[in-house]
Amino acid sequence: MTFEGRFADQILPDQLHILNVSFLVPTLRRDFGGCAGNIAYSLKLLGGEPLPMAMLGSDGGSYLEHMRGLGISTRHVGESGEIFTAQAMIMTDTDNNQITAFHPGAMSHAHLLEITAETSAAVGIVAPDGREAMVQHARQFKEMGIPFVFDPGQGLPMFNGDELNAFIDQADWIAVNDYEAKVLSDRTGMDLATLSQRVRGLVVTLGAEGCEVWEQGRRTPVAPVAPKQVVDPTGCGDAWRGALLFGLEKGWPLVRCAELGNRVGALKIASKGPQNYLLDFSVE
């Protein structure tokens, strides 16, 4: 949904305790989304072979058809016939700020899906999912010897410092945005330089400012890529994640992976919806 104004002009800071606002949204669009689907879309566009693991609900048949139509494997996608597929209602203002209402639905059953020896993945990612699924899948990646990225995203607030430390101990890489980086540092009691020494690499995305790569305590800034136009930020983080996984699977240095992520993110923000953009460059 698009609100043709600024949230900041409609919300009175001194009245937050009795907040009651309504936003007129002349533009309403429904898209396929979700972290697993969005990441898989990005990775497939780049020439990778994604294996999304996620749970769909009783209304998920059209999504299965969509993924299969894109040539994306659905063998690790489960279905729960009793509840709806997870849905996010996202409202964006003219400054690209967003307000989101999220219904987890079938995502709450994602822990029923398991990573086993038959999963045959070269690299993985623990992205936002059901709480129990994130915990179990991190452990299963480690047990199966599959290197993975810990990218908690919107799921970060669900975990305390001890739990986050457990994720870090199992992960090979960490990816967070600048706000999440502050929360991660606060809850673990470690700065980014220290955290980066516990994994093979840590990336902090900075939106329009690009990102920074931390390896063994050393920071390397990665310049942003200017988009042709700024249309819709929804799904930019997932587009970036797909590019990161593509590069890691190829064995690229982390900085090169981040550079590709910035490029794909700039491409996505110029298009409406999280899975409607196409590559306008070749990957070598």
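Strands here are DSSP E runs of at least two residues, helices are H or I runs of at least four, and both are numbered from the N terminus; two strands pair if DSSP finds at least two bridges between them. β5 pairs with β6 in the parallel sense over three bridges, and V126 stands opposite F150 in β6.

This is a predicted model: local features need pLDDT of at least 70, side-chain atom pairs count only at pLDDT 80 or more, and totals for chains, interfaces and linings use all residues. Residues are numbered from 1 along each chain as its sequence is written, and side-chain values use heavy atoms, leaving out hydrogens and water.

Leaving aside neighbours within four places in sequence, F150 is in contact (heavy atoms within 4.5 Å) with V126, M134, L164, F167, A171, W173, I174 and A175.

Now for the helices. α5 (residues 161–170) and α6 (residues 178–188) pack at about 110°, their axes 8 Å apart; axes are lines fitted to C-alpha atoms, for helices over the stretch in contact, and angles run from 0 to 180 degrees between N-to-C directions. That makes α5 roughly perpendicular to α6, a label for angles of 65 to 115 degrees. G161, L164, N165 and I168 of α5 meet L184, R187 and T188 of α6 in this contact.

Terms used: Angles under 35 degrees count as roughly parallel, over 145 as roughly antiparallel, 65 to 115 as roughly perpendicular and the rest as oblique.
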